[in-house]
Amino acid sequence: MNGATPLPTLFLAHGSPMLALEGGAWGEAVSALGRRLPALRAILVCSAHWEAAGAFRLSSAELPGVMHDFGGFPEALYGLDYPAPGSPALAAEAAALLQAAGLEAVLDGERPLDHGAWVPLRYLAPAAKVPVVQLSLPRPRTPEQLLAAGRALAPLREQGVLLVGSGGIVHNLGRLDWHGDSAQPQPWAAAFDGWVRTELAKEDTAALLDWRTAPGARESVPTSEHLDPLFVALGAADRAPESLFEGWQLGSLSLASYRFP
């Protein structure tokens with residue numbers, strides 16, 4: 001598929017695991033996008049929920065399966081599956097691209113898909129027929145390193161591989177608002193979410209890399225793992241994104257999702 005029109009790159013918020021059962025307007029938006037996509041060779045997804053020391057890791061099992069890496073939710077959630085095949089060949093190809101860019105990368109034949117991967121994919125590709133490879137977040141890491149990883153993987157877009165970052169622009173479980181209007185953000189959350197949207201539209205990568213100085217950053221991103229997949233998506237893109245969805249859960253979980261053309 002070399003020379004084909006590049007696929008878009010996505011950043012999808014995955015919010016609470018309950019989105020798997022109650023996708024609402026977010027689920028409708030992601031599903032509608034999935035229906036517009038051309039036939040895919042595979043999906044490569046970087047989720048906030050796979051952090052591993054050292055190198056980038058790529059899931060390489062033929063049948064990765066899923067993990068229910070959360071607790072305290074309704075029993076129905078634990079019965080959900082996403083039986084997509086893996087792609088050892090794509091995992092090896094992606095590892096080679098990362099290595100060629102000077103980034104350490106290894107294969108992991110044991111890792112299942114975590115909920116940061118399978119929850120949005122249940123809407124994006126509900127038939128679970130498209131092979132899926134998951135990419136880890138190395139620990140330690142920098143936004144610059146993740147941006148470089150996205151740039152290294154960008155050629156896959158011309159080969160039928162959809163690149164997806166899955167996380168959340170604002171993700172603070174310690175500041176959930178259980179009593180107010182859960183669809184309305186807290187002021188600091190709205191400030192940071194809006195700042196990211198503005199800088200993405202301006203294609204100001206330097207500002208985004210320096211996100212810790214942005215308004216509301218300290219409260220919105222107490223730990224970076226949910227924001228970090230954005231930098232992988234950003235690195236693989238070549239234009240400013242369009243908004244796929246804007247919304248909130250419990251005042252401090254942004255569902256802002258983007259499609260990079």
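This is a predicted model: local features need pLDDT of at least 70, side-chain atom pairs count only at pLDDT 80 or more; totals for chains, interfaces and linings use all residues.

Me: Which residue does Asp238 meet in a salt bridge?

Reply: Arg157, and the N to O distance is 3.9 Å. Arg157 lies in the loop between α5 and β6 (161-167), while Asp238 is in the loop between α9 (229-236) and β7 (242-245), so the pair ties together parts that are 81 residues apart in sequence.

Me: And is Arg157 buried or exposed?

Reply: Buried, with a relative accessibility of 4%. Anything under 20% counts as buried.

Me: OK, new topic. How many salt bridges are there in the whole structure?

Reply: A search of the whole structure turns up 11. One of them joins the side chains of Glu51 and Arg141, at 2.8 Å from N to O.

Me: Where do Glu51 and Arg141 sit?

Reply: Glu51 is in strand β2 (residues 42-53), and Arg141 is in the loop between β5 (132-139) and α5 (143-153). That links distant parts of the chain, 90 residues apart. Glu51 is partly exposed at 31% relative accessible area, whereas Arg141 is buried at 18%.

Me: Which residue is linked with Glu51 and Arg141 in a network?

Reply: Asp228: salt bridges link Glu51, Arg141 and Asp228 in a network.

Me: Last one: what about Asp114 and Arg111, buried or exposed?

Reply: Asp114 and Arg111 are both buried. Their side chains meet in a salt bridge too, at 2.8 Å from N to O.

Conventions: Residues are numbered from 1 along each chain as its sequence is written. Side-chain values use heavy atoms; hydrogens and water are left out. A salt bridge is a side-chain nitrogen of Lys or Arg within 4 Å of a carboxyl oxygen of Asp or Glu. Helices (H or I, at least four residues) and strands (E, at least two) are DSSP runs, numbered from the N terminus. Buried means under 20% relative accessible area, exposed over 50%, partly exposed in between (1.4 Å probe, protein chains only).
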